[in-house]
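Dear colleague,

Please find below the structure that I am handing over to you. A written account of the findings comes after it.

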Amino acid sequence: MRRAITFLSAITVAAMGWTLGTAQAAPAPPPPPGSAQETSVSAEQQRSALRFWTAERLRTARDMTGPRQTGTTDARSSAAGPSAAGPRVTIPPVSAPESVSPSGAAPSVAASSPTPWTGGGLISTTAGKVFFQNASGGTFACSATVANADNKSVVLTAGHCVVDAGTGEVYRNWVFIPGYANGNRPFGTFTARSLFHLGQYVSTRGDANWDLAYAVMGQVSGRSLVDTVGAQGIAFNSPTGRHVHSFGYGGSAAEGNGERLNHCEGDEYPDAGRPGSTMWGIDCVQTGGSSGGGFLADFNTSNGGGYLIGNISVSAGNNEYHPTLGNEALDLYRQAGAA
């Protein structure tokens, strides 16, 4: 049954933001609608983030969850969604290096409720877990997926895993761990050097139509993210209503308490539960911590590769939804890929 949506974001978490030293930044004014927002992270802040995320802090980070929303929206959330579709743009996947390509994995089975991903392949190296901290010191976890980009360093995640829509403050100590499993970091910890979100997400105080973001990651041992684990393809202005797959690190006991990669799949349909929604969803839902995980179309279960068409954003009963990747998402992606 398709119902009114529920944010997977922690919109009510107080004053999240990027700070320097011990000083807490004042709330940022809302950016103008339609603007791409970039937050740069200094080399020292990246080193600090790497030191910050000890095994204990990874273990105790809270899965990103949030309050239930009804089918109605705040007046500020009624702005039009992504602009009319332009030309379709697709960027192909990149295979993982031979030395890290999983082999001998059991084939995955269809998943109408979250199940452990056992199919191995490219998704098992390119999906990963995100960790970050808010201005008051709270630590949180989301999901993300490596997307093929010019700089070989971009991940797609949810806007609410990057910025507090209520204040415009961007989170700090932001890291991505590809292939995360049971506390293990098989390819190391990549720290964000730039974070990108859409101005519309903040100016509408969190309209889920704009709930997407990109992070540009630094290198580990002198190697880029894509050269280390490969990358999924990504598609903009792509057809809707297709069979799709989603992946994330949901925090419920049934999903392994955020310690393993889970999988859903289904035929997508439009979100009819919220006026003005341009989102699409499936009859399967992953819980808090899966926020930002990838929705993929044209997914090949034999090699784990496909094309990102969105990220896990909101849930509704037994359903989950993703924002569409339109012209604005494409412009933001190009800026992230050039950073």
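This is a predicted model: local features need pLDDT of at least 70, side-chain atom pairs count only at pLDDT 80 or more; totals for chains, interfaces and linings use all residues.

Residues are numbered from 1 along each chain as its sequence is written, and side-chain values use heavy atoms, with hydrogens and water left out.

Disulfides

A search of the whole structure gives two disulfides (a disulfide being a pair of cysteine sulfur atoms within 2.5 Å). In one of them, the sulfur atoms of cysteine 142 and cysteine 161 are 2.1 Å apart. This pair links distant parts of the chain, 19 residues apart: cysteine 142 is in strand S7 (residues 139-147), and cysteine 161 is in the loop between strand S8 (154-157) and strand S9 (172-178). Helices (H or I, at least four residues) and strands (E, at least two) are DSSP runs, numbered from the N terminus. The torsion about the S-S bond of cysteine 142 and cysteine 161 is about -80°, so this disulfide is left-handed. Cysteine 142 and cysteine 161 are both buried (buried means under 20% relative accessible area, exposed over 50%, partly exposed in between, with a 1.4 Å probe and protein chains only).

The other disulfide joins cysteine 264 to cysteine 284, with an S to S distance of 2.0 Å. Here too the pair links distant parts of the chain, 20 residues apart, with cysteine 264 in strand S14 (residues 262-267) and cysteine 284 in the loop between strand S16 (280-282) and strand S17 (294-300). Its S-S torsion is about -55°, so the disulfide is left-handed. Cysteine 264 counts as buried because its relative accessibility is 0%, and cysteine 284 counts as buried at 1%. With the bonded cysteines numbered in sequence order, the pairing is 1-2, 3-4.

Helix H1

In helix H1 (residues 43-52), the residues Gln45, Gln46, Ala49 and Phe52 are buried. Viewed down the axis of H1, the buried residues fall within an arc of 120° and so line one face of the helix; the arc is that of the directions from the helix axis to the C-beta atoms. Among the elements that cover them are strand S2 (36-40), helix H2 (55-60) and strand S10 (190-198).

The sheet

An open sheet of seven strands, with mixed pairing, runs in the order S4-S12-S18-S17-S13-S14-S5 (two strands pair if DSSP finds at least two bridges between them). Its edge strands, S4 (89-91) and S5 (115-116), each pair on one side only. S5 pairs with S14 in the antiparallel sense over two bridges, and proline 116 has asparagine 262 in S14 as its bridge partner.

Two residues

Serine 143 lies in strand S7 and, at 1% relative accessibility, counts as buried. Its contacts beyond four places in sequence include Val130, Thr157, Tyr249 and Gly289, where contact means heavy atoms within 4.5 Å.

Isoleucine 123 is found in helix H3 (residues 123-126) and is buried, with a relative accessible area of 0%. Among the residues that isoleucine 123 touches, beyond four places in sequence, are Trp117, Phe247 and Leu296. Isoleucine 123 and valine 229 are 106 residues apart in sequence, and their C-alpha atoms are 9.5 Å apart in space.

With kind regards
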